[in-house]
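Here are some notes to read alongside the structure.

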Amino acid sequence: MTCYDLHSHSTSSDGSLSPQHLIARAVEQGVDVLALTDHDGMEGIAAARSAAQGTTLTLVNGVEVSVTWGGSTVHILGLNVDYQNEALQKGLAGIREYRRERAVKIAERLEKSGIVGAYEGARQYASPVMLGRVHFAKFLVEKGYAKSINDVFKRYLVRNKPGYVSGEWASLEQTVTWINDAGGQAVIAHPARYKMTATKLRRLVTEFKTLGGIGIEVISGRQHPEEIKTLAKLANDFELLASRGSDFHSPDNTWVELGRLPALPLSVTPIWQAW
Ligand code: AMP
Ligand code: MN
Ligand code: MN
Ligand code: MN
């Protein structure tokens with residue numbers, strides 16, 4: 001059976017492996033088809049494509065776009081996008097510019113609680129193209145403010161904590177349009193992680209579908225087994241194609257590995273069926 005992993009990160013966003021090392025690890029883990037889906041950028045794709053050449057692995061060009069919808073941050077994957085599409089590239093560049101502004105605000109807030117130099121510190125861990133909360137987390141762990149990345153998030157980087165800044169990302173409509181116009185397929189990432197009520201999640205799915213979205217992750221890393229059934233039903237109720245992706249970021253996170261995920265339930269239609 002072909003092993004699909006359609007959600008992963010490299011050092012071009014907040015992953016800790018370079019695109020080359022990510023590809024090598026995916027091959028080692030027996031992944032046949034891997035999507036590189038860095039946050040708000042596609043800078044890693046060219047390097048990943050060269051690395052995949054001559055291996056058994058097929059690379060899917062992807063991106064994970066940060067979206068604000070209904071007061072929540074939602075992540076939309078674009079799979080099989082033309083990574084040279086200008087409108088998509090420009091849109092992503094705009095989001096990254098917002099990331100930079102947000103990072104300045106995060107650093108200002110941290111400074112108010114006595115943590116100095118966080119902006120420069122976070123940048124040490126980031127690629128020049130994308131600055132995210134994980135990079136702040138690495139800096140705070142280095143400085144001894146917390147013992148793990150997870151711990152930093154809990155204590156500093158989420159709502160009601162000193163370094164929290166509410167995101168103002170792209171709109172759902174704009175994002176789905178960018179992805180579709182770049183020849184890709186739009187997929188709602190890790191739906192269970194938004195902690196939305198069932199009603200709100202259905203509202204998101206309805207709107208997403210009306211705007212031209214076609215897929216939803218039914219299998220994702222760090223997901224409870226009982227969520228699979230709910231998400232498979234959601235996919236089928238709304239006639240969305242089902243995707244499967246680990247959301248791999250780093251080998252340090254030992255409970256999420258490339259390709260090591262449950263199979264899609266037989267009841268859903270895999271997004272790769274039409275590929
Ligand atoms: P950002 O897009 O910069 O706001 O950061 C979001 C990223 O932070 C996610 O893609 C994850 O990589 C990471 N993240 C979010 N929550 C946690 C957490 N509780 N523990 C570790 N990493 C997290
Ligand atoms: Mn991430
Ligand atoms: Mn995500
Ligand atoms: Mn992700």
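1. Rings of Phe, Tyr and Trp (its six-membered ring) count as a pair if their centres lie within 6.5 Å. This is a predicted model, and by that rule it holds four aromatic pairs.

2. One of these pairs is formed by Tyr4 and Trp272, which are stacked, with 3.8 Å centre to centre and 5° between the planes. Tyr4 is in strand β1 (residues 4-5), while Trp272 is in the segment after β7 (241-245); the pair thus links distant parts of the chain, 268 residues apart. Tyr4 counts as buried because its relative accessible area is 13%, under the 20% cut-off. Trp272, at 17%, is buried as well. Ring pairs also bring in Trp275, giving a cluster of Tyr4, Trp272 and Trp275.

3. Tyr98 and Trp169 form an edge-to-face pair, with 4.9 Å centre to centre and 90° between the planes. Tyr98 belongs to helix α3 (residues 86-112) and Trp169 to the loop between α6 (149-157) and α7 (172-181), so the pair ties together parts 71 residues apart in sequence. Both Tyr98 and Trp169 are buried.

4. Which residues coordinate the manganese ion (ligand 3)? They are Glu64 (OE), His75 (ND1) and His190 (NE2), at 2.1 to 2.2 Å. Along the chain, the donors follow the spacing E-x10-H-x114-H. Glu64 lies in strand β3 (residues 58-69) and His190 in the loop between β5 (185-188) and α8 (198-211), so this pair ties together parts 126 residues apart in sequence. Glu64 and His190 are both buried.

5. The manganese ion (ligand 3) and the manganese ion (ligand 2) are separated by 5.7 Å.

Key: Residues are numbered from 1 along each chain as its sequence is written. Chains are lettered from A and ligands numbered from 1 in the order in which they are written. This is a predicted model: local features need pLDDT of at least 70, side-chain atom pairs count only at pLDDT 80 or more; totals for chains, interfaces and linings use all residues. Side-chain values use heavy atoms; hydrogens and water are left out. Rings of Phe, Tyr and Trp (its six-membered ring) pair if their centres lie within 6.5 Å; planes under 30 degrees apart count as stacked, over 60 as edge-to-face and the rest as tilted. Helices (H or I, at least four residues) and strands (E, at least two) are DSSP runs, numbered from the N terminus. Buried means under 20% relative accessible area, exposed over 50%, partly exposed in between (1.4 Å probe, protein chains only). Donors are N, O and S atoms within 2.8 Å of the metal (3.2 Å for Na, K and Ca); water is not among the atoms, so sites may look incomplete.
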